Amino acid sequence: MKTALTIAGSDSCGGAGIQADIKTMTLHGVYAMSAITALTAQNTTGVIGISEVSPEFLGQQLDCVFKDIPPDAVKIGMVSSGGLIEMIADKLKEYNAKNIVVDPVMVASSGAKLISEDAISALKEKLFPLALILTPNIPEAEVLSGIKIKSDEDMIEAARIISDNYHCAVLCKGGHHKNKANDLLYVNGAYRWFKGQPINNPNTHGTGCTLSSAIASNLAKGYDLISSVGRAKDYVTGALAAMLDLGQGSGPLNHAFCIHSE
Ligand SMILES: Nc1ncnc2c1ncn2[C@@H]1O[C@H](COP(=O)(O)OP(=O)(O)O)[C@@H](O)[C@H]1O
Ligand SMILES: Cc1ncc(COP(=O)(O)OP(=O)(O)O)c(N)n1
């Protein structure tokens with residue numbers, strides 16, 4: 001069985017973070033492992049508390065995983081401080097981790113900030129250079145590229161700037177853009193659109209986490225990068241189109257849409 005590790009924050013309502021990642025990896029037939037960076041107290045209406053683990057404890061979790069069951073792919077999500085990022089970078093290098101997908105999570109869909117300013121510099125300096133692919137949404141791509149994104153051409157230019165700076169592939173996700181369903185992959189100096197039909201579903205909590213962990217799952221299974229992105233996009237589309245409606249705010253996806261429970 002192929003294996004994948006998520007390094008991310010826990011979401012108490014189960015729609016994003018570690019919980020979304022483990023569901024996604026499991027539904028892909030990949031054995032899921034986790035190293036938790038922080039506990040969040042959140043639901044579909046917002047985040048009310050964040051409790052970070054220490055860098056040392058995160059390091060212990062990573063040692064336990066890598067020494068015992070080395071992952072075929074690694075997904076990194078919410079990491080809110082510079083010390084945690086440095087620990088992750090050191091351990092990924094120490095264990096020569098492969099197929100690293102970094103989702104530079106900055107703000108939750110509910111508006112809560114999930115990263116400190118010092119962590120953004122640490123992400124750029126320490127973690128991005130180790131990544132195979134970064135998966136920013138539009139606001140994150142604006143922060144990382146330094147340009148405003150108002151058009152499809154701006155998405156291409158932002159992805160090019162980020163890819164050139166950190167020498168990795170960049171998937172600029174379009175959920176916050178006009179059509180909502182078109183993502184732009186920039187890799188090796190060329191771009192490619194992954195287009196979808198916009199789904200009229202307000203329940204989008206955890207779409208970004210789900211997409212990045214689906215990419216990691218497909219990489220773990222041996223698919224190349226372009227196939228992994230295409231398959232991950234299809235998975236998120238299916239989970240969103242299943243129209244699960246839970247909670248009072250922007251609810252979670254149905255990660256198990258492909259399993260019929262009755
Ligand atoms: N209404 C929608 N219809 C179809 N696909 C969507 C919709 N909203 C988001 N997506 C898809 O969900 C994925 C996550 O995108 P996005 O919402 O931008 O990320 P994040 O959750 O990090 O903000 C992308 O593949 C995007 O195209
Ligand atoms: C613990 C935790 N991690 C990440 C997020 C944000 O999830 P993401 O899928 O990137 O974004 P939205 O779909 O919620 O916009 C979170 N809320 N909690």
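**Exercise 1. State which element gives the largest share of the shell around ligand 1, then describe that shell.**

Step 1. Find the main contributor. In this predicted model, H8 supplies four residues of the shell around ligand 1, the largest share. Helices (H or I, at least four residues) and strands (E, at least two) are DSSP runs, numbered from the N terminus.

Step 2. Count the shell. Ligand 1 is surrounded by 20 residues. The closest are Asn137, Lys173, Gly175, Ala181 and Gly208. A residue is near a molecule if its C-beta atom, placed from the backbone, lies within 6 Å of it.

Step 3. Assign elements. H7 and helix H8 (225-241) are the elements that give two or more residues to this shell.

Step 4. Sort by class. The shell around ligand 1 holds six nonpolar, 10 polar and four charged residues. Ala, Val, Leu, Ile, Met, Phe, Trp, Tyr, Cys and Pro count as nonpolar; Asp, Glu, Lys and Arg as charged; the others, Gly among them, as polar.

Conventions: residues are numbered from 1 along each chain as its sequence is written, while chains are lettered from A and ligands numbered from 1 in the order in which they are written. Local features need pLDDT of at least 70, side-chain atom pairs count only at pLDDT 80 or more, and totals for chains, interfaces and linings use all residues.

**Exercise 2. Describe the shell around ligand 2.**

Step 1. Count. Ligand 2 has 17 residues around it; Gly9, Gly17, Ala108, Ser109 and Gly208 are the closest.

Step 2. Assign elements. Strand S1 (3-11) and H7 each give two or more residues.

Step 3. Sort. Six are nonpolar, 10 polar and one charged.

**Exercise 3. Characterise the packing of H1 on H7.**

Step 1. Two packed helices are described by the angle between their axes and the distance between the axes.

Step 2. Apply them. The axes of helix H1 (residues 17-27) and helix H7 (residues 207-220) come within 9 Å and cross at roughly 40°. H1 is therefore oblique to H7. Axes are lines fitted to C-alpha atoms, for helices over the stretch in contact, and angles run from 0 to 180 degrees between N-to-C directions. Angles under 35 degrees count as roughly parallel, over 145 as roughly antiparallel, 65 to 115 as roughly perpendicular and the rest as oblique.

Step 3. The crossing of H1 with H7 is right-handed. A crossing is left-handed if the near helix is turned anticlockwise from the far one by less than a right angle, and right-handed if clockwise.

Step 4. List the contact. Gly17, Ala20, Asp21, Thr24 and Met25 of H1 meet Cys209, Thr210, Ser213, Ala214 and Ser217 of H7. Contact requires C-beta atoms, placed from the backbone, within 7 Å. Four of these residues are nonpolar, five polar and one charged.

**Exercise 4. Classify the pair H3 and H4.**

Step 1. Geometry. Axes of helix H3 (residues 82-94) and helix H4 (residues 117-127) come within 8 Å and cross at roughly 15°. The two are therefore roughly parallel.

Step 2. Hand. H3 passes H4 in a right-handed crossing.

Conventions. Two residues are in contact if their C-beta atoms, placed from the backbone, lie within 7 Å.
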